[in-house]
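I opened this notebook to record what I looked up in one structure. The entries follow the order in which I consulted it.

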Amino acid sequence: GHKPFEDFTFEFAIKILDNPKNTSVPFDSLIRETIAAIFLDFFRQNERVVVYICDTSDARGLARFRKFNTWYYYYKGDRRFSKFNLPFTDTDGKTHFTSLIFDQNNPNGPEICAAFWELAKFYREGK
């Protein structure tokens with residue numbers, strides 16, 4: 001069925017679009033600042049929800065998860081966000097690193113959390 005927050009839920013992806021030499025991407029402090037600015041602007045509408053999923057195709061998902069968490073706490077300050085991390089292993093044995101982020105003033109907070117846990121349960125159990 002249609003959840004009341006479905007139209008406000010977005011997946012956030014950070015992707016390298018062009019790396020023709022397939023080399024390591026050098027550190028760039030502007031990436032962190034740019035992503036923080038995007039998030040803070042995005043959450044001006046307090047009903048919005050983000051599900052962050054780390055790419056694990058190159059076995060660097062945990063490193064991405066840690067980096068994102070570091071950025072999150074660096075910029076969170078006194079802002080009222082709720083963030084739930086939910087790493088889970090699917091039926092194929094692959095671990096996925098996910099986070100749910102929403103404004104604490106979101107009127108659908110409890111329903112959002114319940115739906116996130118159910119989604120992870122679905123992928124863990126294949127049901």
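**Entry 1: nonpolar cores**

I began with the largest nonpolar core, which has 15 residues. I took a nonpolar core as a set of buried Ala, Val, Leu, Ile, Met, Phe, Trp, Tyr and Cys residues joined through side-chain atoms within 4.5 Å. Buried means under 20% relative accessible area, exposed over 50%, and partly exposed in between, with a 1.4 Å probe and protein chains only. Phe 12, Phe 39, Phe 43, Val 50 and Ile 101 have the most contacts inside this core. At least two of its residues come from each of α1, β2 and α2, and α2 provides the largest share, four residues. Another core lies apart from it, with eleven residues that include Val 49, Leu 86, Ile 112 and Cys 113.

I then listed the partners of Ile 101, taking contact as heavy atoms within 4.5 Å. With neighbours within four places in sequence left aside, Ile 101 is in contact with Phe 39, Phe 43, Arg 48, Val 49, Val 50, Phe 68, Tyr 72, Phe 81, Ser 82 and Lys 83.

**Entry 2: basis of the model**

I note that this is a predicted model, in which local features need pLDDT of at least 70 and side-chain atom pairs count only at pLDDT 80 or more, while totals for chains, interfaces and linings use all residues. Residues are numbered from 1 along each chain as its sequence is written, and side-chain values use heavy atoms, with hydrogens and water left out.

**Entry 3: the chain as a whole**

I found three helices and six strands in the protein chain; these are DSSP runs, with helices as H or I of at least four residues and strands as E of at least two, numbered from the N terminus. From the N terminus on, their order is β-α-β-α-β-β-β-β-α. The C-alpha trace spans about 45 × 40 × 20 Å along its principal axes. Of the 127 residues, 31% are buried. Among contacts with a separation of 6 or more, 60% are between residues 24 or more positions apart.

**Entry 4: the largest cavity**

How many cavities of 30 Å³ or more does the structure hold? I found one. On a 1 Å grid over the protein atoms alone, a cavity is a set of points where a 1.4 Å probe fits but cannot get out, and a pocket is an open set with protein on both sides within 12 Å along at least five of seven lines; lining residues have an atom within 4 Å of a point. Grid points are joined across faces, edges and corners, and a volume is the space filled by probe spheres set on the points.

The largest cavity holds about 180 Å³ of space. It is lined by 13 residues, of which Ala 36, Phe 39, Trp 71, Tyr 72 and Tyr 75 are the closest to its centre. Both α1 (29-42) and α2 (61-76) supply at least two lining residues, with the largest share, five residues, from α2. I sorted this lining into eleven nonpolar, no polar and two charged residues; Ala, Val, Leu, Ile, Met, Phe, Trp, Tyr, Cys and Pro count as nonpolar, Asp, Glu, Lys and Arg as charged, and the others, Gly among them, as polar.

**Entry 5: the second largest pocket**

I recorded a volume of about 260 Å³ for the second largest pocket. Twelve residues line this pocket, and Phe 5, Thr 9, Ala 115, Phe 116 and Leu 119 are the closest to its centre. The elements that give two or more residues to the lining are β2 (49-53) and α3 (109-125), and α3 gives the most, with five. The lining has eight nonpolar residues, one polar and three charged.

**Entry 6: aromatic pairs**

I counted eleven aromatic pairs in the structure. Rings of Phe, Tyr and Trp (its six-membered ring) pair if their centres lie within 6.5 Å; planes under 30 degrees apart count as stacked, over 60 as edge-to-face and the rest as tilted. One of these pairs, Tyr 74 with Tyr 75, is edge-to-face, at 4.8 Å centre to centre and 80 degrees between the planes. Tyr 74 is exposed because its relative accessible area is 53%, whereas Tyr 75, at 22%, is partly exposed. Ring pairs also link Phe 10, Phe 39, Phe 42, Phe 43, Tyr 52, Phe 68 and Phe 81 into a cluster.

Is Ser 82 buried or exposed? Ser 82 has a relative accessible area of 14% and therefore counts as buried. I located Ser 82 in strand β3 (residues 81-85). Asn 69 is in helix α2 and is buried, at 12% relative accessibility.
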